[in-house]
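Here is a quick, friendly tour for anyone meeting this structure for the first time. Have a look around, then read on.

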Amino acid sequence: MMTRQERALRNTVVILAVATLMLGGLLFWSLRAMALLKGDTTENETPEIAAAGGQPITDKQWMDELKKKHGQEVLVGMLNHIVVDMEAKALGITVIDDEVEQELARTMVGYGSEEQYFAQMQSQLGLSRQEVFAETAYRLTLQAIATVGITISDADIDAYLDQNAERFTPKKELELSMIKVSSYAEGEQVMDRLEQGEDFADLAREVSIDEESRQHGGSLGKVEEDDPFWPEGMLKTAASLDAGDIAGPIQAGKDFTIIRLESIRSPAKPDQKEIRALIRQELALEQAPPLQQVESDLRTKYDVSINIDNSLQD
């Protein structure tokens, strides 16, 4: 069974792949639309959009290169959005905002916060919240189409829950700070300095060998009590502390850590109706054809035709 972090990564990969395709589609479409509006569609007269060493690059050169590299997949992606929307309307399928929000919340598992998740989408792909929202809605709509006619019984869901009870057990959420050192003796020195009243964050910036957390005064953000990316002993110790307590040195592989528990939160019991709906969807998708096949079948059903200048294809 995948960990929650692994499931989060899987979901993120799906969103990123679809979102990247969407970006390409929007770029291609908007460039073409602007060219038409400006009348810049002739072969010989296109504006210069960049230059290097006095050598210009025209709008047409840029467009042609984009079409060479990504034209086919971008065009197919745009067509997929059209035919999926048509099929959803024909089947009476509507994905409401609450469903999209719930899916995004599941996708964000493993990120420190909602802001961190959307900041990464923006920095890595240039995607706004609205664009991430739209592509998530598309994926949920496609899944709904793929699973039409597939029935999952309550008994199937009960059996899955019996076999995967741990997956849906609420986990304590720990907000931690850490100072990592390379030896037990160094860890003892850090503990002594903390006992003498030195500031944890300042000390982390000075001596911690963990590059990422050191930049943030040792802060690790929020971590689940069984997060597989952190040493089990460290998390068990942290879960036994009260907010503000410091413990260490704790062995973590070849190194040693001193930790401070900033806060601890025990999440509310998850909504059973939501859990059962999620399991029903996952089991149905296991029986459904691959989503790429569904998109392909819909392109055939709605008589999609592609007419591309082959001279611009690699």
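Why does Ser177 count as buried? Because its relative accessibility is 5%, and buried here means under 20% relative accessible area, while exposed means over 50% and partly exposed is in between (1.4 Å probe, protein chains only). A word on ground rules: this is a predicted model, where local features need pLDDT of at least 70, side-chain atom pairs count only at pLDDT 80 or more, and totals for chains, interfaces and linings use all residues. Residues are numbered from 1 along each chain as its sequence is written, and side-chain values use heavy atoms, with hydrogens and water left out.

**The chain as a whole**

- The protein chain has twelve helices and six strands; helices (H or I, at least four residues) and strands (E, at least two) are DSSP runs, numbered from the N terminus.
- Of its 314 residues, 35% are buried.
- Take the contacts (heavy atoms within 4.5 Å) between residues at least 6 apart in sequence: 71% of them join residues at least 24 apart.

**Around Ser177**

- Ser177 sits in strand S3, which covers residues 173-181.
- Its side chain makes a polar contact of 2.7 Å with the side chain of Glu262. A polar contact is a pair of N or O atoms within 3.5 Å; within protein, one must be able to donate a hydrogen and the other to accept it, and residues adjacent in sequence count only if both atoms are side-chain atoms.
- Setting aside neighbours within four places in sequence, Ser177 also touches other residues, including Phe200, Gly218, Leu220 and Ile258.

**Helix H8 and its cover**

- Phe200, Ala201, Leu203 and Ala204 are the buried residues of helix H8 (residues 200-207). They share one side of H8, because the arc they cover around the axis is only 160°; that arc is taken from the directions from the helix axis to the C-beta atoms.
- Among the elements covering those buried residues are S3, helix H7 (184-195), helix H9 (211-214), strand S5 (246-252) and strand S6 (255-265).
- At the N-terminal end, H8 is capped by Asp199, with a side-chain oxygen 3.1 Å from the backbone nitrogen of Ala201.

- In H6, the buried residues are Ile157, Tyr160 and Leu161. Their arc around the axis is only 100°, so they are on the same side of H6.
- On the other side of H6 you'll find Ala155, Asp162 and Gln163, which are exposed.
- H11 is what the buried residues of H6 pack against.
- Asn164 belongs to the loop between helix H6 (154-163) and S3, and counts as buried because its relative accessibility is 11%.
- A polar atom of the Asn164 side chain lies 2.9 Å from the backbone oxygen of Tyr160.

**The second largest pocket**

- This pocket holds about 520 Å³ of space. Pockets are found on a 1 Å grid over the protein atoms alone: a pocket is an open set of points with protein on both sides within 12 Å along at least five of seven lines, whereas a cavity is a set of points where a 1.4 Å probe fits but cannot get out. Grid points are joined across faces, edges and corners, and the volume is the space filled by probe spheres set on the points.
- The lining has 21 residues, and those nearest the centre are Glu99, Ala144, Ala277, Leu278 and Gln281; a lining residue has an atom within 4 Å of a point.
- Helix H3 (97-107), helix H5 (129-146) and helix H11 (272-287) are the elements that each give two or more residues to this lining. H11 provides the largest share, at eight residues.

- Most residues other than glycine have a negative phi, and most peptide bonds are trans.
- The peptide bond from Gly248 to Pro249 is cis, with omega near -5°, and Pro249 is in strand S5.
- Asp303, a residue other than glycine, has a positive phi near 50°. Asp303 is in the segment after helix H12 (291-301) and counts as exposed, with 66% relative accessibility.

- Lys254, in the loop between S5 and S6, is exposed at a relative accessible area of 76%. Its C-alpha is 8.1 Å from that of Ser183, 71 residues away along the chain.
- Glu232, in helix H10 (residues 232-239), is 20 residues from Ala252 in sequence and 8.6 Å from it in space, C-alpha to C-alpha.
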